[in-house]
Amino acid sequence: MLSKIERRNKIKTRIRGKISGTAERPRMTVFRSNKQIYVQLIDDLAGKTLVATSSKGIDEGTKCEIAAKVGAAIAQKAIAAGITEVVFDRNGYLFHGRVKSLADAAREGGLKF
C-alpha cells in the first residue's frame, strides 16, 4: 500500500514525463502546503523560473479564496512579463479544491491552458 506522499510522487513523475515548459509556453506548477500555496512559471529548457508568487502575506478568506487570489496574481504577473499561454502542472495533486480555484482564477486573469 502506497502512502499519500508516495502516491503523489508517482502521479507527479507520470505527469512530468508528458509535459515540459518552454520560454513561449512555460510550465505553471503548483505546490500546496498545509498553510500556503505557491505557484511558479518555469522554462524547463533553460531551467529557470520566469514568474513566481505565493499566498504569503494574504490572510483574509478561506484557503480556496486565498488560492484564487494567488491565481489572479500569477496571471497579472505573467501578462506583465509577456506570457499568455502556459502548460498547467498540478504537481500530483487532485484538480479539486485549492488547485482548481487557483487554475480558474488564472484563466479568468487571462492565461490560456
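Is Asp-104 buried, partly exposed or exposed? In this predicted model, Asp-104 has a relative accessible area of 26%, so it counts as partly exposed. The fold includes an open sheet of 4 strands with mixed pairing, and helix α2 packs on that sheet. The largest nonpolar core has 20 residues, and the salt bridges number 6.

**Sheet**

- The strand order is β3-β2-β1-β4.
- β3 (48-54) and β4 (87-89) are the edge strands; each has a single partner strand, so one side of each lacks a neighbour in the sheet.
- From one strand to the next, the twist averages 20 degrees.
- Helix α2 (residues 63-80) touches β1, β2 (37-43) and β3, and its direction makes about 145 degrees with that of β3.
- β1 (residues 27-32) runs parallel to β4, and 3 bridges join the two.
- β1 and β2 are antiparallel, with 6 bridges, and they form a hairpin with 4 residues between them.
- β2 and β3 also pair in the antiparallel sense over 6 bridges; Gln-40 has Ala-52 in β3 as its bridge partner.
- The hairpin of β2 and β3 has 4 residues between the strands, and Gly-47 in its turn has a positive phi of about 70 degrees.
- In β2, 5 of the 7 residues are buried, so the strand is largely enclosed by the rest of the structure.

**Nonpolar core and Met-28**

- Nonpolar side chains in soluble globular proteins tend to be buried together.
- Met-28, Leu-41 and Leu-102 have the most contacts inside the largest core.
- β1, β2, α2 and α3 (98-108) each supply at least two residues of this core, and α2 gives the largest share, 5 residues.
- Met-28 stands opposite Leu-41 in β2 and opposite Phe-88 in β4.
- Leaving aside residues up to four places away in sequence, the contacts of Met-28 include Val-39, Ile-74, Val-86, Leu-102, Ala-106, Leu-111 and Phe-113.

**Salt bridges**

- Side chains of opposite charge can pair when their charged atoms come close.
- Arg-16 and Asp-44 form a salt bridge through their side chains, at 3.7 Å from N to O.
- This pair links distant parts of the chain, 28 residues apart: Arg-16 is in helix α1 and Asp-44 is in the loop between β2 and β3.
- Arg-16 is partly exposed at a relative accessible area of 30%, and Asp-44 is partly exposed at 24% relative accessibility.
- The side chain of Asp-104 meets that of Lys-100 in a salt bridge of 3.3 Å, N to O, and that of Arg-107 in another of 3.4 Å, N to O.
- Lys-100 and Asp-104 lie 4 residues apart in helix α3, about one turn of the helix; Arg-107 and Asp-104 lie 3 residues apart in α3, also about one turn.
- Lys-100 is partly exposed, at 37% relative accessibility, as is Arg-107, at 38%.
- Arg-16, Arg-27, Asp-44 and Asp-89 belong to one network, joined by salt bridges that share partners.

**Loop residue Glu-24**

- Glu-24 lies in the loop between α1 (4-18) and β1.
- The relative accessible area of Glu-24 is 64%, so this residue counts as exposed.
- Between Glu-24 and Gln-76 the separation is 52 residues in sequence and 16 Å in space, C-alpha to C-alpha.

Key: Residues numbered from 1 in each chain as written. Predicted model: local features only at pLDDT ≥ 70, side-chain atom pairs only at ≥ 80, totals over all residues. Heavy atoms only, no water. Pairing = 2+ DSSP bridges. Axes fitted to C-alpha atoms, helices over the stretch in contact; angles between N-to-C directions. Contact = heavy atoms within 4.5 Å. Core = buried A, V, L, I, M, F, W, Y, C linked by side-chain atoms within 4.5 Å. Buried < 20%, exposed > 50% of the residue type's maximum accessible area, 1.4 Å probe, protein only. Salt bridge = Lys/Arg side-chain N within 4 Å of Asp/Glu carboxyl O.
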